[in-house]
Amino acid sequence: FIHLFAACEHNERQILSSLLQRIYMRFLKRRPLIRQLIANFLHMSVHDEHGACLQYDATESLPPHSAVKYYRVHSITYNANGIHELLTIYLAISQGFAQPLHERHIRYLTRVILPLCKHHNFGAFQTVFTEIVCAFVEKHQSVACMVFAALQKCWPQRNASKT
């Protein structure tokens, strides 16, 4: 389900975003699984050199007489589709965290959220990234040192697109 956030259509990602938020709100026992799936998607978008983009292929169908079309995965380099929407969902999730923050939430920040600054299309989701980091720092001030250290480690020295 989460891999569908790589769709190129913005409307599809918005619908998926609202569905995932509703699922997260209703099913309390599935919340850790949903956070893990989001983490896997974000991890793959950073560490996979070819992001996947789901595009509707209207030229091919299953049987010739069928009206059912399908999605075929095309490889696009440095694809940022879905990251903004998933980070927006995680921002809503993180705003509901109780204070003081649990160690697992701080680990999620350092292992999943902060490495996103290595992404080539960081500008596509920079505002939501900043809001998440600021929300964590507001809830737990000692996180600020870890945030600065992680950003300094993964931020490129000379990259005009990220300054």
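I take a cavity as a set of points on a 1 Å grid over the protein atoms alone, where a 1.4 Å probe fits but cannot get out. Grid points are joined across faces, edges and corners, and a volume is the space filled by probe spheres set on the points. Lining residues have an atom within 4 Å of a point.

**Ground rules.** I am working on a predicted model, where local features need pLDDT of at least 70, side-chain atom pairs count only at pLDDT 80 or more, and totals for chains, interfaces and linings use all residues. Residues are numbered from 1 along each chain as its sequence is written, and side-chain values use heavy atoms, with hydrogens and water left out.

**Entry 1: overall.** I looked up the secondary structure and found six helices and two strands. I count helices (H or I, at least four residues) and strands (E, at least two) as DSSP runs, numbered from the N terminus. Along the sequence the pattern reads α-α-β-β-α-α-α-α. The protein has 163 residues, and 39% of them count as buried. My cut-offs: buried is under 20% relative accessible area, exposed is over 50%, and partly exposed is in between (1.4 Å probe, protein chains only). The accessible surface comes to about 10,100 Å², with 56% belonging to carbon and sulfur atoms. I note that these areas come from the Shrake-Rupley method with a 1.4 Å probe, and that for residues only the protein chains shown count as cover. I then checked contacts, meaning heavy atoms within 4.5 Å. Of those with a separation of 6 or more, 67% are between residues 24 or more positions apart.

**Entry 2: the cavity.** I searched for cavities of 30 Å³ or more and found one. The largest cavity has a volume of about 30 Å³. Which residues line the largest cavity? I list Leu42, His43, Val46, His47, Arg111, Val112, Pro115 and Leu116. They divide into five nonpolar, two polar and one charged. Helix α2 gives the largest share of the lining, four residues. Both α2 and α4 (103-113) supply at least two residues each.

**Entry 3: serine 45.** I stayed on α2 (residues 31-47), which holds serine 45. Is serine 45 buried or exposed? I read a relative accessible area of 13%, so serine 45 is buried. Its side chain reaches the backbone oxygen of leucine 42 at 2.7 Å. Leaving out residues up to four places away in sequence, serine 45 touches Ile83, Leu116 and His119.

**Entry 4: serine 94.** I moved to helix α3, where serine 94 lies. Relative accessibility is 2%, so serine 94 counts as buried. A polar atom of its side chain lies 3.0 Å from the backbone oxygen of leucine 91. Serine 94 touches Phe136 and Lys139, not counting residues up to four places away in sequence.

**Entry 5: proline 100 and histidine 140.** I found a cis peptide bond from glutamine 99 to proline 100, with omega near -5°. Proline 100 sits in the loop between α3 (83-95) and α4. What does histidine 140 touch? I get Pro100, Leu101 and Ile106, again not counting residues up to four places away in sequence. Histidine 140 is in the loop between α5 (126-139) and α6 (143-154). Its C-alpha atom and that of isoleucine 106 are separated by 9.2 Å, the residues being 34 apart along the chain. I also logged a polar contact of 2.7 Å between the side chains of histidine 140 and serine 142. A polar contact here is a pair of N or O atoms within 3.5 Å; within protein, one must be able to donate a hydrogen and the other to accept it, and residues adjacent in sequence count only if both atoms are side-chain atoms.

Technical notes
On a 1 Å grid over the protein atoms alone, a cavity is a set of points where a 1.4 Å probe fits but cannot get out, and a pocket is an open set with protein on both sides within 12 Å along at least five of seven lines; lining residues have an atom within 4 Å of a point. Ala, Val, Leu, Ile, Met, Phe, Trp, Tyr, Cys and Pro count as nonpolar, Asp, Glu, Lys and Arg as charged, and the others, Gly among them, as polar.
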